[in-house]
Amino acid sequence: MRFRSARPRLAATALLTMAVLPISEPAAAGPTPEPPEAQTVRIPLRDAATPRAAVREVHSEKAFELVGFTWRGPAPDRIEVRTRTSEGWGSWTPLEAQEGGSEPLWTGRSNDVQVRADKSGQDITDQLQLIGIDPGQQVAAPQISTPVAGAPPVVTRAQWGADESKMTWPVERTTTKAAVVHHTAGTNDYTCDESAKIVRGIYQYHAVELGWGDIGYHALVDKCGTVFEGRTGGLAGEVVGGHVRGFNDHTFGISMMGNYDGVTPSPKTVRSVADVAAWKLKTKGVPADGTTRLVSEAPQGSKYPAGTEVTLPTIFGHRDAAYTACPGKRGYDQLGAIRSQAADAQRSTQP
């Protein structure tokens with residue numbers, strides 16, 4: 001996706017409901033290993049160098065692998081970032097901006113960032129703060145298991161190394177009526193061995209740096225088709241996530257890991273997204289090729305003002321409900337295939 005979500009609402013009643021626990025412990029025998037320790041660098045840009053007009057350059061003594069930007073007040077109209085590697089400066093990458101923070105960008109290991117941002121044509125880079133995250137290394141490669149009967153195989157939170165002490169968003173119950181397809185944006189230039197690190201980096205950014213208390217997506221799917229458990233309790237139960245402004249209630253968020261604006265998701269990614277959506281919707285008797293009615297909870301100024309009833313497919317793209325490019329042009333073009341494969345999967349598992 002381009003990650004776009006209103007800040008999750010922390011309903012007081014959620015603390016009184018029966019807790020929905022993570023779906024599993026690691027498949028391997030023995031004690032659960034300590035999760036990798038994520039390290040965060042926070043650097044205000046107001047004091048950063050300006051090697052050229054409207055560009056700020058930041059050097060961090062600590063290396064990072066994922067970056068984002070936060071600010072106070074209205075969001076910039078435009079943010080673009082690039083990082084430096086041993087081969088020099090990379091290409092400029094646009095980041096979508098929302099209230100309080102940009103989407104995160106997986107950069108690979110780097111110490112140097114250049115950023116440009118403006119509001120109403122004026123440079124506002126001095127109002128931004130760089131967030132650089134090193135997700136840490138796992139002792140052993142994460143395993144894949146099937147902890148919920150009938151569900152597709154997943155890498156659970158424990159298996160990808162979630163530090164549960166950072167999960168501070170209480171469970172909020174919901175009833176799933178639709179699945180929403182996103183992309184994480186960022187780079188497609190990652191190995192599938194790095195996927196767990198990317199998920200940990202997004203978790204750190206959502207839960208800690210943006211203050212949501214947990215990862216926003218219910219599930220993430222990498223380019224090899226591996227599924228990662230996201231929001232606490234979101235696979236085993238029905239829990240409100242933080243992935244689509246105005247429609248977090250009653251929806252299940254699945255994010256394809258990568259930028260699918262100019263690149264088509266792999267067949268393995270499409271297949272896994274379809275399988276997860278098919279299974280989750282079927283648990284509530286929702287057809288993957290149907291439609292549903294949802295009521296927007298977003299404030300004025302969003303695509304659908306609060307109280308607007310909207311008819312949407314039971315599997316829809318983030319851009320169908322919000323002003324965003326997510327899940328990218330090529331990702332959005334695959335929604336027909338995702339719906340078709342999901343519907344076939346539901347029919348093939350009829351009793």
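Which strands does helix 3 lie across? Helix 3 lies across strand 12, strand 13, strand 14, strand 15 and strand 18, running at about 170° to strand 15. Here helices (H or I, at least four residues) and strands (E, at least two) are DSSP runs, numbered from the N terminus. Axes are lines fitted to C-alpha atoms, for helices over the stretch in contact (heavy atoms within 4.5 Å), and angles run from 0 to 180 degrees between N-to-C directions.

A word on what you are looking at: this is a predicted model, in which local features need pLDDT of at least 70 and side-chain atom pairs count only at pLDDT 80 or more, while totals for chains, interfaces and linings use all residues. Residues are numbered from 1 along each chain as its sequence is written, and side-chain values use heavy atoms, leaving out hydrogens and water.

Five of them form an open sheet in the order 14-13-15-12-18, with mixed pairing; two strands pair if DSSP finds at least two bridges between them. At the edges, strand 14 (227–229) and strand 18 (315–317) each pair on one side only. Strand 12 and strand 18 run parallel, joined by three bridges, and Val-181 has Gly-317 in strand 18 as its bridge partner.

Val-181 also belongs to the largest nonpolar core, which has 29 residues. Such a core is a set of buried (under 20% relative accessible area, 1.4 Å probe, protein chains only) Ala, Val, Leu, Ile, Met, Phe, Trp, Tyr and Cys residues joined through side-chain atoms within 4.5 Å. Helix 3 gives this core its largest share, eight residues. Ile-338 is in contact with Val-181 and Ile-315, among others.

Definitions and conventions: Buried < 20%, exposed > 50% of the residue type's maximum accessible area, 1.4 Å probe, protein only. Lists of a residue's contacts leave out its neighbours within four places in sequence.
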